[in-house]
Amino acid sequence: MRILIAGGDGFCGWPTALYFSERGHEVAIADSMIRRKWDEELGTQSLTPIASLEERVKAWKEITGRDIRVFVGDLTEYEFVESVFRQFEPEAIVHYAEQRSAPYSMIDRAHAVFTQVNNVVGTLNVLYAIKEITPECHLIKLGTMGEYGTPNIDIEEGYIRIQHKGREDVLPYPKQPFSFYHLSKVHDSHNIMFACKAWGIRATDLNQGVVYGLWTEETKRDERLYNRIDYDGVFGTALNRFCIQAAVGYDLTVYGKGGQTRGFLDIRDTLQCVELAALHPADRGEFRVFNQFTEQFSVLELAERVQQVARTMGIDARIQHLENPRVEKEEHYYNAIHTKLLDLGLKPHLLSDELIRELIETARRYKDRVDFNVIAPTAKWR
């Protein structure tokens, strides 16, 4: 299968490209390299040293004999998108190429506007390229569980059956996004759903939980293939961030009470889920939604789990409750349904003490690359 990985230089995109290439697919990456520029803007860097995309792809060729094509450009520029689609003619596109950080979108007006323009316009251009050039191409779009918010009822997978005044219908599940970033993903979902209805496009929206972990079978093979991992207050996410904080002697930063509950999954399961979606594509005109996570944890539960594992390693990791910079419920009901990917054959890697220990050990190895000045949250919702 010809698979285009949009955002293939990023945290999820790079291991996905290697994963599909290893399994014999023809893979191409489209990326603007902007994620690396955000490091420069914020004065931070990946905990792990990461090679340039050119070096990464060259190393993969040396090690495996497999080629990955690279297209450098911006999805918000339709001429670039059209050129990629005409040259590569993808049968599936895995779309990670968006600004993915809620805190980044909340820094100020300019960052909010950039996030929405970048994410929504880029996705619209992809939709038009599919319509005009490769109408059979299956769009696999990485959405987010954050689209749903934290309703006081179970979260279904994309749709909910409603009875109202004697009538019944199946409607998109109500959205209560957490940030301007999450709002951009809601807009994407609506645009994709409309394109499927109007143009007969086939699309799968993977509403992904928070991804943790770092290593995959492919990225471990050579230092030039290493994936990035973030610890800063803008792009760092729960668990990965806690493990790195424990390793360098920084208090585990829990926002507010820490009762915020979310869906989580191992990065290896991200790859599994995307593969399952690609191998079992949506029908023409179908906009299907999968909730992509394997377990639910509160933020405080994760911090305590890291604290316990760190203690077995001789590390006294303290938990610090910070004033919550976000506008969100800190204690709430949360029960999200996530059966569709399991039905397709997902074999989850559930969170283990061994993985937490491995993350802490990795952070210890590269602790000299950690800048304490960028760990604390700086973006304020209020």
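The model is predicted; local features require pLDDT of at least 70 and side-chain atom pairs pLDDT 80 or more, whereas totals for chains, interfaces and linings use all residues. Residues are numbered from 1 along each chain as its sequence is written, and side-chain values use heavy atoms, with hydrogens and water left out.

The chain holds twelve helices and 14 strands. Both kinds of element are DSSP runs numbered from the N terminus (helices: H or I, at least four residues; strands: E, at least two). The radius of gyration is 20 Å, close to the 21 Å that the globule rule gives for 382 residues, so the chain is as compact as a globular protein of that length. This radius is taken over C-alpha atoms, and the rule is 2.2 Å times the number of residues to the power 0.38. Along the principal axes, the C-alpha atoms fill a box of roughly 65 × 55 × 40 Å.

Seven strands form an open sheet in the order 3-2-1-4-5-8-12, with parallel pairing. Pairing requires at least two DSSP bridges between two strands. Strand 3 (68–72) and strand 12 (287–292) are the edges, each pairing on one side only. From one strand to the next, the twist averages 20°. Axes are lines fitted to C-alpha atoms, for helices over the stretch in contact, and angles between N-to-C directions run from 0 to 180 degrees. Strand 5 (residues 138–144) runs parallel to strand 8 (residues 202–208), and seven bridges join them. Here Ile140 stands opposite Thr204 of strand 8. Helix 6 (residues 109–132) packs on this sheet and touches strand 4 (92–95) and strand 5. The direction of helix 6 makes about 165° with that of strand 5. Contact means heavy atoms within 4.5 Å.

A further open sheet has three strands in the order 9-11-13, and its pairing is mixed. Neighbouring strands are turned by 45° against each other on average, direction ignored. Strand 11 (residues 261–266) pairs with strand 13 in the antiparallel sense over four bridges. Gly263 stands opposite Gln296 in strand 13. Helix 10 (residues 299–312) lies across strand 11 and strand 13, at about 90° to strand 13.

Three cavities of 30 Å³ or more were counted. A cavity is a set of points on a 1 Å grid over the protein atoms alone where a 1.4 Å probe fits but cannot get out; lining residues have an atom within 4 Å of a point. Points are joined across faces, edges and corners, and volume is the space filled by probe spheres set on them. The second largest cavity holds about 80 Å³. Of its 13 lining residues, Gly158, Lys175, Ser189, Phe287 and Val289 are the closest to its centre. Helix 7 (180–199), strand 8 and strand 12 each give two or more residues to this lining. Helix 7 gives the most, with three.

Note on methods. On a 1 Å grid over the protein atoms alone, a cavity is a set of points where a 1.4 Å probe fits but cannot get out, and a pocket is an open set with protein on both sides within 12 Å along at least five of seven lines; lining residues have an atom within 4 Å of a point.
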